[in-house]
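Have a look at the model on the screen, and I'll talk you through it.

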Amino acid sequence: ETGGLELQRQKRSTELQQARMAAERGNLVFLAGSAHNIEFRTGSLGKIKLNEEDLGECLHQIQKNKDDITDLKRSAVGLPQNISSQVHQLNSKLVDL
Amino acid sequence: ETGGLELQRQKRSTELQQARMAAERGNLVFLAGSAHNIEFRTGSLGKIKLNEEDLGECLHQIQKNKDDITDLKRSAVGLPQNISSQVHQLNSKLVDL
Amino acid sequence: ETGGLELQRQKRSTELQQARMAAERGNLVFLAGSAHNIEFRTGSLGKIKLNEEDLGECLHQIQKNKDDITDLKRSAVGLPQNISSQVHQLNSKLVDL
Amino acid sequence: AYKLWIPNTDFEAAANWSQNRTPCAGAAVKFPANKMVSVLVREGHSISDMLLPRDGEFVLASGAGFSAPDAGRDPDCGTGAPALFLDPDRFSWHDPRLWRSGDAARGLFSVDAERVPCRHDDVVFPSDASFRVGLGPGARPARVRSVRALGQTFTRDEDLAAFLASRAGRLRFHGPGALSVGPGGCADSSGCVCGNTEALPWICEALLQPLGGRCPPAACHDALRPEGQCCDLCGAIVSLTHGPTFDIERYRARLLQVFLPQYQGLQVAVSKVPRPPRPRGTAGAEADTDTEIQVVLTETGPETGGAGRLARALLADVAEHGEALGVLSATARESGAPVGDGS
């Protein structure tokens, strides 16, 4: 009886390690074993596409967006601050007049 | 004969409903049915990788970009407008001189 | 003899061309044939989900971020430059006083 | 000569599944957790749940795939226990039943040891099926002339070793045993010894495994045990001592064309075998070779005495045409009367 439970527990833990494909109410679900990865791999000429979109390009766009943001931060924060100080100086001069 | 065609049509329309993974001349295609999903799930320690990219990190970066953009909008739109009004004031003062 | 080698080469490339789903020590790996794609296709209501994330929404957000950045560039670069020239004019006027 | 590997690990092969049938539409499916295997999938399958091997692959032919079952699925399916993919490690290189000989002909058979690839054979694993081979206990490597797998032909040991060590190789070959290739083509027109004598215990173990490891009782008294055969058989064995001009292919063809048509229901096996140690005072001392040509004659149907008659005809043939055939001498042994014949 206890041996049976032990065996069942072992079986369950083995099954948790196994990758699995399951149907859930019409949805198709792919599950990696616990602490394991799901990977999609193409050759160097293959693409990963979602509908019409090239996922590789999308991921590239993420990086490009990040770089653009860094640039923007520099200009959008730097330039106004520069101007801000100029305006401040102008103000002082005006007061001095 | 007609029954066969009918069955085939039914089968095809059923297939449209179904989520499925299929090979098409070397391409690996995941099709979410018209109302069904294809889902990939890992445990908390598992990753989803697209070729060399860690999808989790990509998604994190998308969100980070989005947040940065929100911040930038505030500063890039807010700060210049603030300065713009200061410059306007300065102009008025100069005219008043 | 040459024909045999040709056939052999063709056969080998057939093997490489085939798409596959593999388990590698508990990791679930999807592979397209060499020079072939992995494609995700959704119907009108079906989704591709990677853990909790809807891949379609992620790509949408990437595009949205890109558009926002374009807008920001216009305002963050355009507006400060506009102000900058105003400040410059102000300075000239002050000097002229 | 080449030998073709028969069993596969294809998804669609009924024999690979518990209850000897492929999973029905909407079935739950289970692959053994700790077995490596490559599985070719040729068609689309509707599956409600599938546990994958921890290390394995599904090679998808064009159009093949898996889908979630829809409402119209087979109502009789998916209610019982999951369909189990049988242990892919159950196929042994040494099992004679798992090979098909490339030069098979009507009326010809091979002794068990020679049904498994010989050292001068080219081994072929069909490229249109998935497979898995156990290489045995590893006492001695299986050695053949070449191995063809996944559309590649390996004739150099280092190429084969690299393939066996690759993931593709490890998915298909397993066990402590080794496999090697090398220049071993048979250039001797008198034939070549197969070289499986030392592997015979494993060959017989694999062959007799479904019979509980024991030979079925022979249907005759004084049954014969040919060299390379696992169990006794009824019929006759002709042993030829050959000279340098003997041509085994020509002799085999002569048997098939000239003699066999006169003896319905007989099968013959002709091969060069190591000469068994002779009891003192028997013939054969005139040739100093350590090999001989073994001609095994056995009856496929009920015993008719045909094997004995053919054996005597072959002895007479040697007496008459021995020189032309390149045969120096011949001896024959016959099994005794059928068991339960009442005599």
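Some ground rules. This is a predicted model, so local features need pLDDT of at least 70, side-chain atom pairs count only at pLDDT 80 or more, and totals for chains, interfaces and linings use all residues. Residues are numbered from 1 along each chain as its sequence is written, chains are lettered from A and ligands numbered from 1 in the order in which they are written, and side-chain values use heavy atoms, with hydrogens and water left out.

Okay, confidence. The model scores ipTM 0.85 and pTM 0.85. Per residue we have pLDDT, the predictor's confidence from 0 to 100. Chain D has a mean of 91, with 94% of its residues at 70 or more. Chain A averages 83, and 91% of its residues score at least 70. Where is chain A lowest in confidence? That's helix 1, residues 2–17, at a mean of 75, while strand 3 of chain A is the highest at 96.

A:Phe30 is in strand 2 (residues 27–31) of chain A and B:Phe40 in strand 3 (residues 38–41) of chain B, so the pair joins two chains. Buried means under 20% relative accessible area, exposed means over 50%, and partly exposed is in between, using a 1.4 Å probe and protein chains only.

Then there's A:Phe40 with B:Phe30. Their centres are 6.0 Å apart with planes at 85°, so this one is edge-to-face. That pair also crosses between chains, from strand 3 (residues 38–41) of chain A to strand 2 (residues 27–32) of chain B. A:Phe40 is buried at 0%, and B:Phe30 is buried at 0% as well.

Over in chain D, ring pairs link a cluster that includes D:Trp5, D:Trp93, D:Trp99 and D:Phe125.

Next, how the chains relate. Two copies of a chain are related by a rotation about an axis and a shift along it. Chain B superposes on chain C with a rotation of 121° and 0.2 Å of shift along the axis, at an RMSD of 1.2 Å. That is the relation of a three-fold axis. The superposition is by least squares on C-alpha atoms of residues with pLDDT of at least 70 in both copies.

What about chain B against chain D? Ten residues of chain B are in contact (heavy atoms within 4.5 Å) with eleven of chain D. Together they bury about 710 Å², 54% of it on carbon and sulfur atoms. That area is the accessible area, with a 1.4 Å probe, that two parts lose on being put together, summed over both. How many salt bridges cross that interface? Zero, by the rule, which wants a side-chain nitrogen of Lys or Arg within 4 Å of a carboxyl oxygen of Asp or Glu.

Chain D itself has six helices and 19 strands, and of its 343 residues 50% count as buried. Its C-alpha atoms fill a box of roughly 75 × 55 × 35 Å along the principal axes.

B:Asn37 is in the loop between strand 2 and strand 3 of chain B, and at 13% relative accessibility it's buried. Leaving aside neighbours within four places in sequence, B:Asn37 has contacts including A:Asn27, B:Ala19 and C:Lys49.

D:Glu43 is in the loop between strand 3 (37–41) and strand 4 (44–51) of chain D, partly exposed at 44%.

And D:Gln294 is in strand 18 (residues 291–299) of chain D, buried at 2%. D:Gln294 and D:Arg275 are 19 residues apart in sequence, with their C-alpha atoms 9.1 Å apart in space.

Definitions and conventions: Helix = DSSP H or I, 4+ residues; strand = E, 2+ residues; numbered from the N terminus. Phe/Tyr/Trp six-rings, centres within 6.5 Å; stacked < 30°, edge-to-face > 60°.
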